[in-house]
Amino acid sequence: MFNYILKRLLMIIPVIIGVSILSFLLIHLVPGDPARMMLGERATPKQLEELRESLGLNDPLPVQYMRFANKALHGDLGRSVRSKLPVTEEIARKFPATLELTLFALTIAVIVGGLAGIISAVKPYSLFDNMSMGMALFGVSIPIFWLGLMLIWLLGVKFHILPPSGRISVGVELQSITNLYILDSILTGNWKALKDCLAHIIMPAVALATIPMAMIARVTRSSMLEVLGQDYIRTAWAKGLPGRLVIFRHAFKNAFLPVLTVIGLQFGYLLGGAVMTEEIFSWPGVGRWLFVAITARDFPVVQGGILMVALVFVTINLLVDILYTYVDPRIRFD
Amino acid sequence: MTTPEVTAADKAADIVMEPVSKGPWVEGFRRLLRQKTAVLGLIIVCTLIITALLAPVLAPYDPLVPDLVNRLQPPSAEHPFGTDALGRDILSRVIYGSRISIQVGIIAVGISLLCGTLLGAISGYYGGKLDLVIMRLIDILMAFPYILLAIAITAMLGPGLTNAMIAIGIVGIPIYARVVRGAVLSVKEMEYIEAARVCGCSNFRILFKHVLPNCLAPLIVQATLGIGTAILDAAGLGFLGLGAQPPKPEWGIMLNKGKDVMQIAPWVIMFPGAAILLAVLGFNLLGDGLRDALDPRLKDS
């Protein structure tokens, strides 16, 4: 087990180096001069030269990359051209919002998708099964930006049930501890803030959760169907065990591995999908910040931010792989 | 079926009656038509293609010419989907939008398919160090959440439909490379490949004449599903303002422009979004059906 983790950690190194090279090279995809792209057409030659000098754009590419990598290893991803703040500081400030949204969405997806999948598998070809699988099909095909807009229009604008954007209402006080607002409001016993935060998070989280929810429902169903057809499940039924015990203890435990794979994969999707969702719902997270930086061609933020997101993604995938051994002791890695 | 009493003549009759000429593709197509959802997918996709081809005939109005007198008209007999903020007929724009979406789907998937197949085939067939290097490159590409990578590539290359297609094509490469590599790995151990090698075929010939044609089934399935994903992603990029640029009647950009007026004219965002949903759903249904029809492992399930 320890050897396996060590091996996976070593295998990740070339990937991380590659990821850093690709993140670094991204801004060099820009046709023409990156400095001019950042400052616009009206920039004077002196301003351009100053920016080039300060970003080190005059050096040969390998030299620039080595400097970028060396600084990144020391926790320095440069400064945003627009806000002048260190990229790492901005990420640290925006990340909790994205984490909160992603985790909330993932929780919805796992609970709703998982339960729908299990019930569908227990009663295959029933009305519930057909309906939930039909919904799942829509779920994987629906554009989340459209779903988001429709939710805003319906629940936010037309019926005024939920706030259409943002993370917390202006005027609601919340003492920040972890910057995960929901957690903070529970920790400080601030129920007014909790209610407000939940009202804000529900629409973006549902929009973001749609695709993972559908995927999880489909995988859970097919995986459960396979397990439920096995002999030991029939034995369990024959012994007269209560249904809930058979389904959750005997069957779901063994059907969980493919579901876990999908959850892991979907986490990456959520991080990407957060860009779109955060943009629509004006959610002040990493995704929106990165998107604004990308369109404004704030190159240090583009390089650093994308590198960070990719690192988080790689780490999550590694954790999922390691989790396998705990979930299914039959898996032995060598 | 075969009993000891079967005579040589019976056997000959069996062989004659066996529809050998039909081949696995015809058989696969038949299996496809037996699935209701797949047929539905096929109908949606065919409708989409016909709409795209016949757009100038089907569209009641010009999709680009503004008609400021009839701004933001709700759906009516004259304008079944209503009109947008510039008075353009939304139905006509949705119809013309199918052209862009089909085009994006095919070109983006074409890029992924070409690069992915080549990389995957080389990787799987030659193995060794080449395999290791290519697969690590694929790993690196997969280490980025792919929507984010598509956004970054498009933004860096410069917003526009062509660059959006290139970006979606690039981020799609890994999946095809993996599918082809897996298929090549299993096919290349077959006896007929060995036979071809004994006959003195070159590696190139074996790969392109014998190995790849036998990897087609998973590729077709993946490409069908991929067109749906590409349409979705292109609309997403359009929505973010990075894909097709106004006044092009692209579904994503229609949503982008429509969101400013959706409070007073919700139909402006309803129909383009429904069009995206329907198109993607069609390709997904067809792709799922093709997988069940063409994948021998699932044949009897």
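1. A network of salt bridges links R218(A), D288(B) and R291(B). A salt bridge here is a side-chain nitrogen of Lys or Arg within 4 Å of a carboxyl oxygen of Asp or Glu. The rule finds one salt bridge across the interface of chain A and chain B.

2. On conventions: this is a predicted model, in which local features need pLDDT of at least 70 and side-chain atom pairs count only at pLDDT 80 or more, while totals for chains, interfaces and linings use all residues. Residues are numbered from 1 along each chain as its sequence is written, chains are lettered from A and ligands numbered from 1 in the order in which they are written, and side-chain values use heavy atoms, with hydrogens and water left out.

3. How much area do chain A and chain B bury between them? The value is about 3,800 Å², with 85% of it on carbon and sulfur atoms; buried area is the accessible area (1.4 Å probe) that two parts lose on being put together, summed over both. F145(A), W146(A) and L149(A) supply 16% of the area that chain A buries against chain B, more than any other three residues. In terms of contact (heavy atoms within 4.5 Å), 46 residues of chain A meet 39 residues of chain B.

4. Four residue pairs, both residues at pLDDT 80 or more, are in polar contact across the interface of chain A and chain B. A polar contact is a pair of N or O atoms within 3.5 Å; within protein, one must be able to donate a hydrogen and the other to accept it, and residues adjacent in sequence count only if both atoms are side-chain atoms. By class, the side of chain A that touches chain B has 36 nonpolar, seven polar and three charged residues. Ala, Val, Leu, Ile, Met, Phe, Trp, Tyr, Cys and Pro count as nonpolar, Asp, Glu, Lys and Arg as charged, and the others, Gly among them, as polar.

5. Over all chains, the search finds 19 salt bridges. One of them joins D84(B) and R93(B) at 3.6 Å, N to O. Are these two residues buried or exposed? D84(B) is buried at 9% relative accessibility, and R93(B) is buried at 4%; buried means under 20% relative accessible area, exposed over 50%, and partly exposed in between (1.4 Å probe, protein chains only).

6. E27(B) and R30(B) also form a salt bridge, at 3.6 Å, N to O. They lie three residues apart in helix α2 (residues 23–33) of chain B, so about one helical turn separates them. Helices (H or I, at least four residues) and strands (E, at least two) are DSSP runs, numbered from the N terminus. E27(B) is partly exposed at 30%, as R30(B) is at 40%.

7. Seven aromatic pairs are found over all chains. Rings of Phe, Tyr and Trp (its six-membered ring) pair if their centres lie within 6.5 Å; planes under 30 degrees apart count as stacked, over 60 as edge-to-face and the rest as tilted. Y125(B) and Y126(B) are edge-to-face, at 5.2 Å centre to centre and 90° between the planes. Y125(B) is buried at 7%, whereas Y126(B) is partly exposed at 44%.
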